[in-house]
Structures are given as C-alpha cells and as structure tokens.
Amino acid sequence: MPIVKNLSRAVSQLLQSSGCGCGISIVPVRCIGVSPRQVASDASFHSVSFAESDHPRVLITGGLGQLGVGLAKLLRKRFGKNNVILSDIRKPADNVFYSGPFIYADILDYKNLREIVVNNRITWLFHYSALLSAVGEANVPLARAVNITGLHNVLDIAAEHNLRLFVPSTIGAFGPTSPRDPTPDLCIQRPRTIYGVSKVHAELMGEYYHYRYGLDFRCLRYPGIISADSQPGGGTTDYAVQIFHDAIKTGKFQCNLKPDTRLPMMYIDDCLKATLEVMEAPAEALSMRTYNISAMSFTPEELAQEVQKHVPELQVTYDVDGVRQAIADSWPMNFDDRNARRDWGWKHDYDLPELVTTMFSFLGSDSRIAQAN
Ligand SMILES: NC(=O)C1=CN([C@@H]2O[C@H](COP(=O)(O)OP(=O)(O)OC[C@H]3O[C@@H](n4cnc5c(N)ncnc54)[C@H](O)[C@@H]3O)[C@@H](O)[C@H]2O)C=CC1
Ligand SMILES: CC(=O)[C@H](N)C(=O)O
C-alpha cells in the first residue's frame with residue numbers, strides 16, 4: 001500500500017506542475033537507440049557566432065518545393081544565413097546549395113530527423129514536406145506515409161525538443177459539405193482527398209499536442225500559392241502558375257479546370273510574410289492555433305483576362321481534368337480570414353492586378369536574361 005500511495009502522490013504532483021494548465025504535459029518521447037549516422041561535424045553551419053545564437057535556429061523540411069526556398073531566403077534575411085537550414089530528400093540546384101546550409105532529411109527517418117534537430121540545436125521547425133492534392137490522389141500510400149506518418153515523426157520530435165512548430169494546412173482541408181462561400185475557420189471539414197484528410201489530421205494532431213503537451217504549434221491554411229521562380233509540386237491550383245509561363249513561351253494556354261472554377265489564391269510573398277508573422281506573434285495574441293489566410297479569389301477566366309492585359313495575343317483553351325475539377329469543386333471559393341486579421345494583424349499586399357504585374361515583371365526580366373545569354 002505505501003508504494004501505491006507514493007505513486008499516486010508522485011502522479012498528482014506531476015499533474016499539478018503541468019506547463020499548459022490542461023493536464024498531463026509529459027512529452028511523447030520515443031524509446032529508440034542511438035543512430036550511428038552523424039551530420040558532418042565540420043559543416044560550416046555548426047559554428048554560429050554568439051550574436052547569431054540569439055535568433056531561432058530554424059529547420060525547413062521539404063524545402064526544395066515551390067515554397068521552401070523562398071521561405072529560407074526570407075528567414076535568412078531576418079535571422080542570419082547560418083541559422084536557417086533547408087532540407088529535403090532531393091538534390092538541390094547549385095544556386096540553392098551555395099545560398100546557405102542544406103542538409104538531407106527524410107521525414108520518414110525518425111532517428112535521422114531527431115539527430116539533425118539535436119546536432120544543430122534547432123528551435124523552430126517549418127514542416128513543408130508533403131504530397132499535394134493531385135499527386136496525392138495518384139499515389140495514396142505514399143501520400144499517407146509522407147503526410148501522416150511523417151507528421152507524427154515531426155510532432156514527436158518537436159514536442160520532445162520543445163520546438164516552435166509551423167505546419168501549413170490548405171484550402172484543401174475542406175470538402176463538399178463545408179460552407180464554400182465564404183469558408184470560416186471553424187466549420188465542417190470532410191475533405192475527399194488523401195491530401196485534405198492528412199491536413200485535417202495535421203491540424204487536429206498539432207492542436208492536440210498543444211493542449212496536451214504544451215507544444216507551440218502554429219498552422220495557417222494557405223490558398224493556392226502563385227510564384228514566379230519556383231514550380232508547383234502537383235496540386236489542383238497549379239494552372240494559375242502555368243498560365244504565366246505558357247503566355248510568355250508559346251502564347252497558348254490549355255487550362256485543366258473549367259473557366260468558372262473559383263478558388264482562393266495568394267502571391268508567394270504574402271504567404272511567406274504571413275508565415276513569418278504568425279511564428280513571431282506573441283502566444284497571447286493567438287486565440288486559435290490554425291488560421292485561414294486569404295488574399296484574392298478568381299476563376300481561370302478572370303485570371304486569363306488579367307493576363308491578356310499584358311499578353312493580348314494569349315489564346316486560352318479548356319481541357320478539363322476530371323480529378324482536379326472534382327477536387328476544385330469541393331474546395332472553398334472564398335476564404336474567411338477575419339480571425340487572422342484580428343488576432344495578429346494579417347493583411348495581404350497583393351490583389352489580382354498586382355499579382356499579374358509582379359509575375360510578368362519577374363518572368364519578363366528572366367526571359368530577357370535568358371535571351372541575352
Ligand atoms: N503550394 C501551394 O499552393 C500550397 C502549399 N501548401 C503546403 O505548403 C507546404 C509546401 O508546399 P510546396 O512547397 O508547394 O510543396 P511541394 O510539393 O512543391 O514540395 C514538397 C517537398 O516535400 C519533399 N518531400 C517529399 N517526401 C519527403 C520526405 N519523405 N522527406 C522530406 N521531404 C519530402 C519533396 O521532395 C518536395 O520538395 C506543403 O505542406 C503544402 O501542403 C498548402 C497550401 C497551398
Ligand atoms: C491549394 C493547395 O494546397 C495546393 N496548391 C494544391 O492545389 O494541392
């Protein structure tokens with residue numbers, strides 16, 4: 001009996017001292033052996049100056065996709081080049097490799113990921129690895145592994161090492177039974193893609209770890225993101241990037257969605273600005289841990305008309321892809337982001353005309369450079 005009494009006293013002391021005031025805060029540490037694999041100890045980014053160590057030490061997973069390189073650039077400007085490590089399972093292009101620390105990290109390899117976090121004293125993690133909506137439907141087992149099992153690894157490591165964790169969600173986390181115009185932060189979420197299901201899972205797991213273990217989890221639901229210097233990775237909103245390239249290269253664009261398919265979209269600079277802002281927001285400002293963010297909504301027809309103001313000869317035809325169309329028809333048409341605007345001052349800079357002008361000034365100057373060489 002004394003043993004039972006002592007045990008229950010110890011448990012109740014543990015509960016009382018829990019960090020988030022919501023119950024048990026023991027972090028979910030996995031029992032694993034020591035991995036023999038080491039990150040090269042002479043890597044230049046291991047030696048940080050004293051001043052640099054005041055900043056967060058950042059790891060970006062899945063960083064070689066459409067968004068990660070731009071995020072690394074923004075964070076390096078803010079926190080110093082050597083404090084931001086880009087990672088992926090792909091081989092980086094020369095300009096990316098030489099622009100700052102890069103490391104191989106497979107999010108399905110728990111030990112390796114943990115080792116990277118420990119050896120590099122990571123304090124903030126941006127978890128960008130994922131299979132997007134269209135490629136996810138083409139390979140459900142892989143999407144399930146990367147988007148769900150990978151997330152579990154990241155969550156456990158983040159909780160164990162007290163990281164601030166950012167995981168992006170998406171308009172794709174909603175489905176045909178969600179209100180679509182506009183879609184609020186809190187409503188029915190019954191997506192019908194593995195991508196959407198995995199993102200709802202990520203939102204819920206992240207919030208659960210926050211309330212259960214005190215994990216500093218922060219999540220934004222991104223619209224379709226449009227960028228000039230990086231290619232999208234197989235999503236339903238990819239057409240809105242492709243149209244710019246085709247307008248410049250061939251003057252012809254074949255759209256895989258119907259002309260009147262309305263979806264929320266955002267220029268990459270706004271998306272990355274929001275991501276940094278929500279990560280820097282004081283915890284007291286966040287009344288929620290998952291926020292919609294919005295900038296504009298348009299249809300392929302409306303985008304084409306705006307593009308034609310710059311390339312009047314552009315010819316647009318439609319050859320609808322059934323899989324992508326069904327996905328798009330189940331997604332929000334307009335996103336309600338009033339909570340983000342109220343809580344941490346979110347404000348977008350780019351509407352459709354500015355987006356199109358910016359894309360052309362970027363791609364135009366690029367194509368002039370290509371011609372000159
Ligand atoms: N681009 C967009 O329009 C939107 C993106 N998001 C989210 O933002 C995040 C980044 O998106 P993108 O850069 O567009 O995605 P992307 O598809 O372009 O890049 C994803 C990256 O994940 C990497 N990856 C795949 N398996 C991996 C593994 N086992 N370990 C480590 N990395 C792995 C890929 O190599 C790829 O570079 C994703 O989580 C996505 O769901 C959300 C809404 C919109
Ligand atoms: C909106 C997204 O999450 C992505 N661009 C996709 O279309 O899958």
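# A tour of the helix packing

Select helix 2 (residues 68-79) and helix 9 (residues 268-280): their axes come within 10 Å and cross at roughly 50 degrees. Axes here are lines fitted to C-alpha atoms, for helices over the stretch in contact, and angles run from 0 to 180 degrees between N-to-C directions. Helices (H or I, at least four residues) and strands (E, at least two) are DSSP runs, numbered from the N terminus. This is a predicted model: local features need pLDDT of at least 70, side-chain atom pairs count only at pLDDT 80 or more, and totals for chains, interfaces and linings use all residues. Residues are numbered from 1 along each chain as its sequence is written, chains are lettered from A and ligands numbered from 1 in the order written, and side-chain values use heavy atoms, with hydrogens and water left out.

Stay on this pair. Helix 2 and helix 9 are therefore oblique to each other. Angles under 35 degrees count as roughly parallel, over 145 as roughly antiparallel, 65 to 115 as roughly perpendicular and the rest as oblique. Helix 2 passes helix 9 in a right-handed crossing (near helix turned clockwise from the far one; left-handed if anticlockwise by less than a right angle). Show side chains: Gly70, Leu71, Leu74, Leu75, Arg78 and Phe79 of helix 2 meet Leu272, Lys273, Thr275, Leu276 and Glu280 of helix 9. Contact means heavy atoms within 4.5 Å.

**Next, helix 6.** Select residues 140-160. At 1.5 Å a residue, these 21 residues should span 30 Å, and the end C-alpha atoms are 29 Å apart, which agrees. The expected span is 1.5 Å times one less than the number of residues. Zoom to the N-terminal end. Asn139 caps helix 6 there, with a side-chain oxygen 3.2 Å from the backbone nitrogen of Leu142. Now go past the other end: just after helix 6, Asn162 takes a positive phi of about 60 degrees.

Helix 6 and helix 7 pack at about 10 degrees, axes 10 Å apart. They are therefore roughly parallel to each other. The crossing of helix 6 over helix 7 is right-handed. Contact residues include Ala143, Ile148, Leu151 and Leu155 of helix 6, and Ile194, Ala202, Met205 and Tyr209 of helix 7.

Helix 4 packs on helix 6 at about 35 degrees, with axes 10 Å apart. This crossing is right-handed too. Tyr110, Leu113, Arg114 and Val117 of helix 4 touch Asn153, Val154, Asp156, Ile157 and Glu160 of helix 6.

**Two loop stops.** Then pick Pro182, in the loop between strand 6 (169-170) and helix 7. The peptide bond from Asp181 to Pro182 is cis, with omega near 0 degrees.

Conventions: Polar contact = N/O pair within 3.5 Å; in protein donor to acceptor, adjacent residues only side chain to side chain.
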